[in-house]
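Here's a quick look at how one chain is built and how it meets its partner. Have the viewer open while you read.

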Amino acid sequence: MTDAGPATSARDAQLTIFERSRRGRRAFAPPALDVPRRPLDELLPAHLRRAQPARLPEVSEPEIVRHYTRLSKRNFDLDSGFYPLGSCTMKHNPRLHERVAALPGHARLHPLQRPERAQGALELMWRLQSALSEISGLPHVSLQPSAGSHGELAGVLLTRAYHEDRGERRTKVLTPDTAHGTNPATVTMAGYEVVKVGTDAHGNVDLDDLRAKATDEVACLMLTNPSTLGLFEPAVAEIAEIVHRIGATLYYDGANLNAIMGICRPGDMGFDIVHFNLHKTFTQPHGGGGPGAGPIAVSDRIEPFLPRPQVVRRDSHNGSDPTRPVYDLDFDRPKSIGRLRGFQGNYGVFVRTYAYIRSLGAAGLRNVSETAVLNANYLLARLRSLGVLEHLPVAYDRLCMHEFTLSGAPMKRDLQIRTLDLAKRLLDFGVHPPTVYFPLLVDEALLVEPTETETRETLDAFAEIVAEILREAAADPEIARGAPYTTPVRRLDEARAARRPILRQEL
Amino acid sequence: MTEYTAVTDADRRQMLEAIGVGSIEDLFADIPEALRLAQGLELDAGRSEQEVYAELRALAARNVSTEDELSFVGAGMYDTYVPALIDALITRAEFLTPYTPYQPEVSQGGLQTMFEYQTAICELTGLPVSNASVYEGPSAVAAAGYVAKHATGAHRFVVSRGVHPHAIETLRTMSHSWGMEVVEADLRQGVTELPALGDDVAAVIVAQPNFLGAVEDLAAIAAAAHDAGALCIACCDPVALSLLRSPGECGVDIAVGEGQTLGNRLDFGGPSFGFFAVTEPLIRRIPGRIAGETVDLDGRRGFTLTLQTREQHIRRERATSNICTSQALNALAGVIYLSWLGRDGFTELGELLVRRTAYARDRLAALPGIETLHDQPVFREFAVTLDAPVEAVIERCLRDGVNPGYPLGSDYPEHERGLLVAITELRSAAEIDRLATVLGDAVVAERSGSLQEARR
C-alpha cells in the first residue's frame, strides 16, 4: 500500500472533503420543480426554520469520487492482504453476496410493505431462521438484533423476562475473565451486576470458582466457546449442569462459532441462548466497522419472550396455491420483551448470509470449521518450528481451535520490543496485525485467527515474517519500536487525541 | 458445492503432519465425544454460484418493491434516490472489507471518513459532538435515554406519542431493565402536548418532524424539559434538518435519528445507520466509536479512534454502552450523500420536498371523503383521515398499482381511519396526481360501499 502517490503532496492527501469545498461548486442537480413555487414562509413558519444553511461541502462529482477513492487507498483491506485479527473472523467476502443483496426486489423493498407483498423476503428470513436453528441446535430464532453486542443484550433481557415470569428476581450475571468486553458492558446495560469467573491453569473456566459463585442470585452465565483464548471448554457439560442447577440460563457468545459448525452445537452443550455474528461467521463484509447483524437462537423455555415481531410460516388457507405456505410477521406475543430496534432487522445482511449458507451447504459449513481449525493449528506449528514460540509462547499449550493466543511477555523482556511494536512492524510487511492486548489475562497478548479462506502459502509467509521481525529485533529493537515506516502515517499521538479532542472540522 | 477454501489433499496431509496429528478429527479432541454431531447438519447440499443467484433472484421477484408499484409509504424509511457514485465508492474493497480501525496507521481512509461524517452530523444537528454512528434510529432513541438516565439520575422518561412507535417500544424494552418509567405525552392537533413534568424526569423525548409528519416547536419543548431539570432528546429526520432550525439551536441536548434517507437503500429495514450527537457536557457519556484528529510521529495530520475509555473493550462493565460494531459503511454512504448534495443542493432538496408535500396534501385534502388529520406544518409526510375503511381503500389502490401510505390505526387507535402519506424526491407531481386519482376513487367507492352496507 502506498500513499496517494508522488503527484500528490502529503498535505493534499490529508485534506478533508470540507477543506476541498469552494463556494458555488456542486454535484447534485435537483429534479425540476413540477409543483407551485409557494413561498417557504407559507409552508414552514420562519421561527421553525434555520437561519443559515448547513455548511456542507461544495464539491463537484469528480472531486468526490477522487477524494474518497484516495481515502480508500489509505486503508488496509481484506482483499489486499492477510488479516488475522483474532475474534473477528476476517474471512473472504464473496462478491455474489453484494450482487444478490443489490437486486431491487431486496434492496428497494420497503420494511412496512404488507407481508403478502413481501413473501420472498419473509420466506428468506424464515429459511435463514431454520438454518441458524439447525447450526446452533436450538429450536427458535429471532433475526432482529443488529450486531453481536445487540444479540447479547437481547439474551440478557430474555433471561430477565424468563426469571420474572417465574416470579424470580436475580441480580448477578457471571462472565469469565476471558470474555469479550461487550459481555460485562451488556450485563451492566441490562441492569445486572457483573461477577467475574476465573480461568484455571489449562485455560478453561475455573470450575471451583464457578461453583463458589453459582448462587441463586445468579441469572446467567455468559460463555464464549471456544473461548477467546481459542480453546474449547472440555467441561462444558458440567458447566451447563452447574448453571442449570441454580436455575440460571447459559448464554453462548457466538463470536467464535466459526470453529465448530457442523461439528458440535451450542444447543447440544446445554446453552439456552446463542447469538450469531453474521459479519464474522457468515461473511457479511465488515464495512470498516459495520454493518453486522446479531440474530439469536433460543431453547423452548426462552421462546415466549423473543422480540416482537417474529417471522412465522402459516399453512396457506386463502392463497391461489393452497399448497404454498404463507409467511407472516407475528406481533401477537404477549410475553415478548418487545422490540430492540425498528422494523425486522438488517435484512440486507440476511440476504448475504442466506446466500452463503446455500452456497456451502451442510458439508461446506463443516469444511469451513475444519479448515479454520486446521489453518490455526498449522500456523501455530509453523511458528513453533521457526522458533517464534520461544519469544512468543502460546498462552496455554494445547491444540487450539480456530485461533490461538500468544504472550509477548518473553519477547518484551528478552528482545525489548512489545506486542504493540511487533504489530506495528507487521504493517510494514503488508500484513494486518492480529488482535493485541486481548484477552486481558494474557500478558502482552496476541490473538491470531487466520480463518479458513487463507492458503497454506499465506500462513507460511506470515510465520516467516514474524520470525524475521524477531531476528531483526534481536539485532536492533529500535526498528520495531519505531515502526511502521511505509504506511500513510506513522504512529499517531493518541494521548493528544484524547486530551484535547478534535472530533469535527471547524468550519 | 461452492467453497472458499484452498486446502488440497496434499496440503492437508502435510499440514496435519506439521501439527503432529493423524487426522482432522484429532484436532477436535477437546470436544467430548458425546457432544459431537453424529450426522451432518440437516441442511441442503451446497450449490453453484449461478444456482444461488437464481434462487435469490426468484425470492426477490416475490417481493413488491418500490420499483414495482407507486409507493407513498414512509413511516420511518423512505424510497429516496441513492446516487450511483455511492454504490461505486462503498463497494470498493478498501471500504467494504476491513474492520473497525484498530490500527490507525493503515486505516486513515476509514478514520478520516468518520471524522468527516461527524463534522457533517454536527453541522446538521447544530451540536458540537457526534459519534461515528450507531445501529439505527429507534435503538438510538433508547441509547439516548440511557445517557439521560446517567446524566440526571432521574427515573422517568416522558416520550411524545409523535415519536416513532418502534422507538417508543424499544425504549420501553430497555427501560424495564433500567427500572425507568415511560410516560407518553399525547398529541394535540398533531403536535406534542407536554404534561406537567414533575421533578424526576430524565428526558423529554420528541421527534422532529413527528410520526404524523408535523413539525414540532422543539425550542419550546426543550425549554420545558430544562425547566424540569430534564434533558431534551430529539429524534430527527436528517433531511428535514436542511430547512428546520437545528436541534442544537433549539436547546436540544441529544439529537439522534434514522440515517437511511442519507444515501442508504430501504433493504426491507436495514442495514442503515443511526446518528447520535450531544452537547459538550455529555461528551464522555456518548456511546460508540468516535474518530479524532491528531498528528503522527513526524507531525503529519492523522486520525484515530479516541475517547476509548468510554468503550466496552477498555472499560468493560463500566462502559457507557455495550456497542462494538456499528454501521461504518452506511455512515460512509451518508457523508458521501451529503457531499454530493452539497450546501446548496441540500437546501434545494429540502425545498423541493416541502413544496411537493404541500402540493400532495392540498390535492388530497381537496378530494371528497379525505381530510387532513392535522394542519401543522409538514416536511415530507402528512396524515389524512379517510371517510372510509382504510384497509379496504388501500386494497383498492394496490390493485391500481398505487400503495397510498401507511395506515395509522394499529399505532393510533384514535386514528382508525388515518393514513400517513410520504413524499420523496422520486415522487413527481404527475405521480402525486395519480395518487390523488386512485386514492380519491377508492375512497368514493368504499364510502358508498360502506354507506350501502349501513343502509342494509
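How many residues does the contact take from chain B and from chain A? This is a predicted model, where local features need pLDDT of at least 70, side-chain atom pairs count only at pLDDT 80 or more, and totals for chains, interfaces and linings use all residues. Residues are numbered from 1 along each chain as its sequence is written, with chains lettered from A and ligands numbered from 1 in the order in which they are written.

The answer is 168 residues from chain B and 174 residues from chain A, two residues being in contact if their C-beta atoms, placed from the backbone, lie within 7 Å. On chain B, helix α12 (residues 328–365) gives the largest share of the side touching chain A, 23 residues. Helices (H or I, at least four residues) and strands (E, at least two) are DSSP runs, numbered from the N terminus.

Chain B has 14 helices and 17 strands, and its C-alpha trace spans about 85 × 55 × 50 Å along the principal axes. An automatic or database assignment sets the domain bounds:

| Domain of chain B | Residues |
|---|---|
| domain 1 | 9–61 |
| domain 2 | 70–78 + 343–455 |
| domain 3 | 85–336 |

The centres of domain 2 and domain 3 of chain B, taken over C-alpha atoms, sit 30 Å apart. Where they meet, 21 residues of domain 2 of chain B contact 22 residues of domain 3 of chain B. Helix α12 of chain B shows up here too, giving the most to the domain 2 side with 6 residues.
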